[in-house]
Amino acid sequence: MSVQLSDHTDPSPPPSSINANSSLGSSAAAAASSSESNQTIPVPATSFERYKRRDMSKVVVRFRAIGNAPILKQNFYKITASNQFKAVIQFLRRELNYKASDPLFLYINSAFSPAPDEIVSNLHKCFNTDGHLIINYCTSAAWG
Amino acid sequence: MTTAPQNPITRAIWDGTLPIKFSLDATEAAALGAKTIIEPYFVFRGSRGGAGGVYLSMNLHLINRLQMCTYEDQIRKYFVDMALNFIGDDAEIWYDVDGTPLKWHYPIGLLFDLHTGYRPDSNSPPPLPWPVTVHFKNFPADKLIRAQEIDATQDFFMSMIKEADFLRNGSTKKVMNLSKNDQTQLWDGLWSIFIVLFTSFVCILHKCLNNLINCNQIYRTENYERFWSVNYRLVINDGQMPRHIPLRIYLPENCPVIQEPVTPVDENGNQLTLGDVLHQILPDLFPSPVAGENNSTAAPVIHGVIPQLEMPIVWASQNLCYPDNFLHIVVLMGI
């Protein structure tokens with residue numbers, strides 16, 4: 001079973017940094033190059049500023065519907081890496097035109113549901129498949 | 001059925017406790033119609049390490065049970081007053097320390113290390129009991145996830161265990177292959193600590209401290225057995241070297257949590273140490289993988305202890321992980 005999240009219970013700012021980039025299409029090459037755009041900026045050793053700085057690079061997520069969940073017209077999206085996972089949840093809800101009360105469950109790699117405050121770049125680094133973070137979604141709890 | 005490992009380290013972590021002093025937010029309590037003067041109302045020993053696994057959301061139930069179960073003193077009276085006037089649901093309850101909301105889905109031991117920033121090697125005593133404020137209103141939805149019910153805690157816990165398993169094996173097969181019974185046992189072992197703690201509180205009320213100590217010991221052993229007989233199979237990974245170590249690093253000043261795929265061995269098959277891993281991920285804070293050669297004041301804190309940088313990361317993961325199977329490392333700077 002998984003935690004069901006709904007928009008009205010989580011009124012954080014809209015994920016404006018999520019862009020539906022239709023020109024991306026299913027080009028794996030574009031996906032690969034996007035994940036290479038990380039850049040490190042040197043700062044003094046005692047400062048935590050570099051760790052606080054938002055990672056504005058983008059990573060590619062790929063949505064896959066499960067069961068009778070509606071299929072998206074486009075399933076590749078570039079998402080700002082420093083976003084929390086809840087931005088992904090809210091984005092998907094908007095794309096599906098789902099009301100807050102409609103059940104929606106998201107999983108990574110058909111395996112587990114990350115907490116909404118996990119960071120997309122961490123999930124991408126740890127769980128990407130060929131540079132894509134694969135997110136399965138369904139309208140009833142699937143794995144576990 | 002496997003038995004729990006007779007491992008003094010996992011056992012010591014399981015038995016670790018953290019005294020917490022909960023007080024109600026004065027303004028909110030007044031608004032709710034509380035008649036008595038607001039005082040910090042109890043101290044209980046939140047299990048710390050095993051209890052790394054005890055989550056704050058479990059306290060919601062503690063509060064409810066207190067309303068029902070305690071009798072004759074001022075604290076209970078206070079709760080009855082609260083019960084009559086608090087009509088919101090449990091999901092509205094939240095906690096803060098010095099104005100910082102506490103994430104209910106983090107283990108309490110981790111929250112303590114993170115929010116107090118207390119270095120175990122410092123000369124001053126630790127800030128104990130840890131003062132935590134309880135709120136019934138104004139849930140900070142921009143900072144905290146709303147938990148609808150206690151099941152949410154179990155879901156988060158199981159999801160973390162699966163995430164850890166995925167890091168170790170590239171799939172969640174090991175967790176999914178656990179029988180329903182084993183999965184239940186895992187959660188029950190953890191949850192039962194909490195029941196024990198609640199019992200402890202009742203005992204304190206009745207000043208039966210000896211009784212408390214005795215019953216605690218027996219229950220703790222039972223629950224340790226229950227939890228670790230299952231968890232051992234996951235943590236030890238059937239004797240296979242894990243692909244990656246389930247690990248998160250927390251830096252001061254509210255930096256984003258760091259989670260990377262950490263391989264436990266180098267290209268020559270040599271085991272990496274905790275120092276190697278910290279040096280790889282945070283080279284400016286850990287300029288050398290060896291303790292003596294670091295001119296930085298940064299130190300890792302796990303379960304309120306500064307572990308040696310020389311310990312193999314696999315060993316650290318197997319012995320020092322929290323019940324969610326993650327090694328949660330808080331990096332603190334010295335004075």
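The structure is a predicted model, and it scores ipTM 0.84 and pTM 0.81. For chain B, pLDDT averages 77, with 71% of the residues scoring at least 70. One covers residues 49–54, for which the model has 33 contacts beyond four places in sequence. The other covers residues 202–213, and here the model has 10 such contacts.

Chain A contains four helices and four strands. Walking along its sequence, the elements come in the pattern α-α-β-β-α-β-α-β. Of the 144 residues in chain A, 36% are buried. As for who touches whom, take the contacts in chain A between residues at least 6 apart in sequence: 76% of them join residues at least 24 apart.

Back in chain B, helix H5 (residues 108–116) is largely enclosed by the rest of the structure, because seven of its nine residues are buried. The buried residues are B:Ile108, B:Gly109, B:Leu110, B:Leu111, B:Phe112, B:Asp113 and B:Leu114. Just after H5 of chain B comes B:Gly117, which takes a positive phi of about 60°.

Technical notes: Residues are numbered from 1 along each chain as its sequence is written. Chains are lettered from A and ligands numbered from 1 in the order in which they are written. This is a predicted model: local features need pLDDT of at least 70, side-chain atom pairs count only at pLDDT 80 or more; totals for chains, interfaces and linings use all residues. pLDDT is the predictor's confidence in each residue, from 0 to 100. Two residues are in contact if their C-beta atoms, placed from the backbone, lie within 7 Å. Helices (H or I, at least four residues) and strands (E, at least two) are DSSP runs, numbered from the N terminus. A residue is buried if 20 or more other C-beta atoms lie within 10 Å of its own, exposed if 12 or fewer, and partly exposed in between; C-beta atoms are placed from the backbone.
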